Amino acid sequence: MSIRPVTTTSKAQPTMEGAGVRLHRAFGFHDPELSDPFLLLDDFRNERPEDYLRGFPWHPHRGIETITYVLAGTVEHGDSLGNAGRLGAGDVQWMTAGSGILHQEMPQGNDRGQMHGFQLWANLPSSLKMTTPRYQDVKHADIPEVIDDDGTRVKVIVGEFWGRTGPVDGIAAEPQYLDIFVPAGVRKTFGVDTYRRAFAYVFEGAGRFADASAPAGVLLEKEVMGREVNIRDLSGDRTLVRFGTGDEVTVQAGPEGIRFLLISGAPIQEPIAWHGPIVMNRRQELMQAVSELRKGTFIKPTH
């Protein structure tokens, strides 16, 4: 067994999307090869309704899959195929945009005005870029949670983990998507398939990743210079942690515990031509998609 070393860490950056939604972007739109098969991860945590209520009005998607995971508040959604619904706290939606869909998502806060969730974009291989769109909506009660004797809690959203299987299936990237909490002071190791790209996104508490020694309670950032890895302090909140190769990820929880997403997927390793929510393999395909939007032929008949 080999521990995956931390190769880089970075803070999610404030940005604005949709009709004026303020959120933090962990990665996206730059160097997609680094996260292949994943394209983008947004953290839409906010306690000011004026910063999120304008939402994400009608917009197109093609060539990707999106997973929306809500922790607080709700998200009303609808699309050009007549689908509509509401995601509540703890619910998940995986949308396969495939050949094309027009979609809207309108966040609503809880009774204290809080809105929190994540949206992850996963690429589709060329053979599935124009597949028929579909949804998987999952209620929080259907997401298995495993609780270990030391208090570690793992929600299995996609993939298999500790003998449990997440309710979302049939995803091209064959991802593993876990929501993990490790209690204060606990050191824990999680298996990750060697052939997958993997990253963690810390959104509560803090801790230490990788098989490295450091004083108790010290938070780690690692900079890679060739094969040398240096360690320095950082805050764990809204921190993206990328891992190198190996089949395990080890974390040492800090004094308040640590909660993070642990996500991995099989690289697609194909060319990417990307324009906003449309991701194809060639520029010509992007131009065709834009032309179809103008002509009103973007949405393909379903059978």
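**Close-up 1. An arginine over a ring: R242 and F27.** In this predicted model, R242 lies over the face of F27. The distance to the ring centre is 5.3 Å.

**Close-up 2. Aromatic pairs, starting with F29 and W121.** Searching the whole structure turns up 14 aromatic pairs. One of them joins F29 and W121 in an edge-to-face arrangement, with 6.2 Å from centre to centre and 70° between the planes. If you are new to such numbers, here is how to read them: a pair of aromatic rings is described by the distance of the centres and the angle of the planes. Now look at where the partners sit: F29 belongs to the loop between β3 (21-28) and β4 (38-43), while W121 is part of strand β11 (residues 116-123), so the pair ties together parts that are 92 residues apart in sequence. F29 is partly exposed, because its relative accessible area is 33%. W121 has a relative accessible area of 7%, so W121 counts as buried.

**Close-up 3. A cluster of rings.** Which residues do you find here? Ring pairs connect F161, W162, F190, F209, F243 and F260 into a cluster.

Conventions:
Residues numbered from 1 in each chain as written. Predicted model: local features only at pLDDT ≥ 70, side-chain atom pairs only at ≥ 80, totals over all residues. Heavy atoms only, no water. Phe/Tyr/Trp six-rings, centres within 6.5 Å; stacked < 30°, edge-to-face > 60°. Helix = DSSP H or I, 4+ residues; strand = E, 2+ residues; numbered from the N terminus. Buried < 20%, exposed > 50% of the residue type's maximum accessible area, 1.4 Å probe, protein only. Lys NZ or Arg CZ within 6 Å of the ring centre and 35° of its normal.
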